Amino acid sequence: MLGTVNVLPGAFSAGFECDDFELLVLSTSEVFEVKAKRRKSSSAFKEGEKIVFADLKENDFVVHKTHGIGQYIGVNTIKADGVTKDYIKLKYKGDDILYVPTDSLDNVRKYIGPEITNLSLNKLGSNEWKRAKEKVKKNLREVAEELIKLYAKRQKMQGFAFAKDTPWQYEFEENFEYTETEDQLRCIEEIKKDMESARPMDRLLCGDVGYGKTEVAIRAAFKSCMDQRQVAYLVPTTILAEQQYVNFKERLKEYPIKVAGLSRFRTAKEQKEILQKLKTGEIDVVVGTHRLLSKDVQFKNLGLLIIDEEHRFGVKAKETIKQMKESIDVLTMTATPIPRTLHMSVVGMRDMSVIYEPPQNRKPVRTYVLEYDVEVIREAILKELERGGQVFYLYNNVQNIVKKASDISNLVPEAKVDFAHGQMSGSELENIMQDFVDKKTNVLVCTTILESGIDIPNANTIIVENADCLGLAQLYQIRGRVGRSETQAYAYITYRRDKMLSEEADKRLKAIKEFTEFGSGFKIAMRDLEIRGAGSIMGEIQHGHLEQVGYDMYCKLLDEVVKEMQGETLEEEIEIQIDLDVSSYIPDEFIPNASQKIEIYQNIAGCKKEEDIQEVVDEIIDRYGTVPKEIENLLEIARIKNLAREKFVLKINQRGNNIIYYFDEKKFKVEVVEKLMRIYRAKIKFSPSKVSPYITVKVSNDFEILNECKAFLGYL
C-alpha cells in the first residue's frame with residue numbers, strides 16, 4: 001500500500017528502487033549504517049588474504065595450499081552421530097572431492113590470475129601441485145636475486161632522520177575540522193616513525209577514493225617543514241595539481257609555511273620565480289605535475305617527495321623518482337594499487353600503510369550499468385539538480401565535446417552546462433572549474449581529466465558515456481569523484497545501445513557494478529589482473545608461472561625464495577587439525593546468505609589472537625544479533641587452534657570419550673608428561689611415537705569438551 005512501511009526478514013546486501021510499483025527496499029545496513037569492523041593491523045595485509053580476494057562464488061577456481069588448484073562447489077552441512085558441521089566442498093581432477101572444514105578455511109584462497117575458462121585442476125593425492133610449486137620457485141630465483149640487491153641497497157642507504165613532533169605539529173593536527181578514522185591515525189604514526197628513522201622512507205599509502213589520504217600526506221609535509229626540509233607533492237594531472245595546491249595552502253595558512261603550485265596553469269614568468277624560490281628555500285611546499293621532475297627544478301633542501309598515483313607517470317618520470325628515493329623520504333599514495341606495487345609490499349621491498357575504513361557517514365555510490373538511454377540520462381540529471389546538486393558527465397572525445405555539451409543543454413534546458421578537457425589553456429580550464437566549484441554551472445561535460453582527485457562534494461551524480469572504452473581501475477577512480485560527502489551519490493555507467501561488447505569490456509562493466517562497497521580498490525586491482533593478465537611483476541617473469549599457482553601462492557613462493565637466498569631458516573607451515581564431536585557451524589536461519597556465511601567463516605579461520613576473535617564476535621552481533629551456541633563453538637575451536645599452535649600441538653582428535661593430542665616430535669618436551677600425570681592421574685596415557693608423540697586424555701560424557709581442551713593446552 002502507498003505510504004506504508006513494512007519491516008520484513010530477508011537477506012539483501014543492498015537496497016533497490018522499483019518505480020513501476022513505487023517501491024523502495026532498504027537493507028538493515030542502509031537504515032542503521034551497520035558496518036563490519038575491519039582489522040586495523042598492517043600485518044593483516046602482509047598475511048595477504050582479506051584485502052585482495054573477492055568473495056567465493058560457485059564454480060570459482062581456488063587454491064588450497066596443500067592440495068593445489070580446485071573448484072569451489074559450495075558449502076555442505078554434514079550431520080553424523082548427532083554432530084553438525086559445515087564443510088567447503090572443492091572439486092579436483094577426475095571428479096575428486098575434498099571437504100575442507102570451515103575452521104581450516106584460511107588454507108583456501110580464490111585463484112587470482114589471468115582468467116582461464118579451462119584452467120587445469122590438480123589431482124588429489126598426486127605430486128602435481130608439489131612439482132608445480134617447485135618449478136615456479138626454480139624460475140623465481142633470478143627475480144629473487146634482483147629483489148635481494150634492491151633490499152640490501154635500501155638497508156644501507158642513509159637519509160635524514162626527522163625530529164620528534166613539535167608542539168606546532170600537535171596544534172596543527174588538533175585544528176583538523178573532521179574526526180580522523182583510526183586507520184588514518186595509525187597510518188600517520190607509521191609514516192612519522194619512518195621519517196624519524198635515518199633510512200630513507202619508501203612507503204606506500206593505500207586507501208580507497210575519498211578515504212583521507214591527502215590529510216595523511218599534509219601532516220607528513222608539515223612534519224618535514226618543521227625540520228626546515230622542503231616538500232614536493234607530485235600529481236598526474238594539472239587540475240589535480242591546482243586543487244591540491246589550494247588544499248595545502250588553505251590547510252597551512254595559519255603557519256609560516258610557503259606553498260606554491262607548479263604546472264601549466266602558471267605563466268613562464270611565474271614558473272621562473274617559483275623555481276628561483278625553490279632553489280633559495282623561500283618555498284617550503286610545492287605542488288605540481290611531472291614538471292617538478294624537470295632538470296631545471298632545484299631544491300635547497302628537499303626532504304620529502306609525495307607521489308599521487310605513481311603508476312600514472314611515464315617511464316622517464318619513474319626513473320627520476322627512483323633516483324630521488326635513494327636520498328630522500330618518499331610517500332606514494334594510491335587507491336587501486338597495480339599488482340606489481342602490491343606485490344613489492346607483500347614481499348617487504350616496500351613498506352605499506354592501508355586505510356581500510358571510510359570517513360563517518362559516507363555512503364557507497366549506487367551504480368547502474370546500462371545501455372545509453374536519453375530518457376534515463378535526462379531523469380538522472382534532473383533528479384540531481386532538484387536536490388541542489390551538480391553532475392559530472394564524462395565524454396572522452398575532445399573533437400565532439402562541444403556538440404555533446406550542446407546536446408545535454410537541449411536535453412535538459414533547466415541545466416547550466418559547461419565543458420572541459422585537457423587541451424584547453426590553463427586559465428580557461430581554471431575559470432571553468434572555478435565556475436563549477438562556485439555552482440555557476442551545475443553540469444560539467446568533461447573528458448577523463450576528472451579521473452584523478454577532483455573533489456567537489458556537491459557533485460553527486462556522474463554519468464559515463466562509452467564506459468566500455470575505459471579501463472577498470474580508471475572507471476573506479478572516475479566513480480570516486482562523487483559520493484565524497486554524506487549525500488547519497490549515483491553513477492550511471494553506460495555503453496552504446498545494441499553495441500556488441502568485447503569479452504574484456506563486458507567483464508570490466510560487470511566488475512564495476514559488482515564492486516560498489518567501501519574498500520573495493522584492492523579487489524578492483526586484483527580483478528584487473530584477472531582480466532588483463534599478469535604481465536610482468538619485476539620485468540623478468542613470464543606470466544605462465546603465475547598461471548600455474550595463482551597470484552597469492554606466487555607471492556608466497558617468491559617470499560620463500562628471497563628468504564632462502566638470504567640464508568634465513570624457513571619454518572614449515574603446519575596445518576593444525578581439530579576434529580571434536582561438537583556441532584560447530586553457522587545455521588542457515590541465522591545467516592541465510594551463502595557469501596556472507598563464507599565471509600564469517602573466513603574471518604573466524606583467520607583469527608590469530610584473542611583480539612581478532614573479539615572483533616569477529618562484535619561484527620557478528622552488529623550485523624546479525626546474538627551469537628548462537630553453534631557459532632560460539634566455532635570461536636572456541638579458533639581459540640583452541642591458537643593455543644595448539646603455541647604449544648606445538650599438530651592435531652587434536654576425539655574418539656569416544658578420549659581426546660588425543662598429537663605433538664610436533666622436534667619440539668615436544670617429555671618433562672611436561674610428568675606434570676600432566678600429576679594433574680590427570682589415571683585419565684592420561686602417553687605414547688612416545690617418533691613420528692608424532694601423542695597423549696590420550698579420558699573425559700567424562702557430561703564434561704565440556706572445548707573447556708577440557710583449553711584447560712589441557714593451558715597446562716602444557
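**Close-up views of a predicted model**

**View 1. Val691 in a loop between two strands.** Val691 is exposed, its relative accessible area being 75%. In this predicted model, the residue belongs to the loop that runs between strand S24 (684-687) and strand S25 (694-698). Tyr662 stands 29 residues away from Val691 in sequence, and the C-alpha to C-alpha separation of the two in space is 9.7 Å.

**View 2. The packing of helices H5 and H7.** The axes of H5 and H7 are 10 Å apart and the helices pack at an angle of about 155 degrees; because angles over 145 degrees count as such, H5 is roughly antiparallel to H7. The crossing of this helix pair, H5 and H7, is right-handed. On the H5 side the contact is made by Trp168, Gln169, Phe172 and Glu173, which meet Ile218, Arg219, Phe222, Lys223 and Met226 of H7.

**View 3. The stacked rings of Phe172 and Phe222.** A pair of aromatic rings is described by the distance of the centres and the angle of the planes. The model has a count of 16 aromatic pairs. For Phe172 and Phe222 the ring centres lie 4.1 Å apart with the planes at 5 degrees, and the pair is therefore stacked, since planes under 30 degrees apart are counted in that way. This pair links distant parts of the chain, with Phe172 in helix H5 (residues 167-174) and Phe222 in helix H7 (residues 213-226), 50 residues apart. Phe172 and Phe222 are both buried.

**View 4. The edge-to-face pair of Phe222 and Tyr255.** Phe222 also forms an aromatic pair with Tyr255, and here the arrangement is edge-to-face, at 5.1 Å centre to centre and with 85 degrees between the planes. Distant parts of the chain are again linked, as Phe222 is in helix H7 whereas Tyr255 is in the loop between helix H8 (238-251) and strand S10 (259-262), 33 residues apart. Both of these residues, Phe222 and Tyr255, are buried. Together with Trp168 and Phe172, the residues Phe222 and Tyr255 form one aromatic cluster.

**View 5. Arginine side chains over aromatic rings, at Phe160 and Tyr245****.** The charged end of Arg229 is placed over the ring of Phe160, at 4.2 Å from the centre of that ring. At Tyr245, Arg266 lies over the face of the ring, and the distance to the ring centre is 5.1 Å.

How values were computed: Residues numbered from 1 in each chain as written. Predicted model: local features only at pLDDT ≥ 70, side-chain atom pairs only at ≥ 80, totals over all residues. Heavy atoms only, no water. Helix = DSSP H or I, 4+ residues; strand = E, 2+ residues; numbered from the N terminus. Buried < 20%, exposed > 50% of the residue type's maximum accessible area, 1.4 Å probe, protein only. Phe/Tyr/Trp six-rings, centres within 6.5 Å; stacked < 30°, edge-to-face > 60°. Lys NZ or Arg CZ within 6 Å of the ring centre and 35° of its normal. Axes fitted to C-alpha atoms, helices over the stretch in contact; angles between N-to-C directions. Parallel < 35°, antiparallel > 145°, perpendicular 65-115°, else oblique. Left-handed = near helix turned anticlockwise from the far one by under 90°. Contact = heavy atoms within 4.5 Å.
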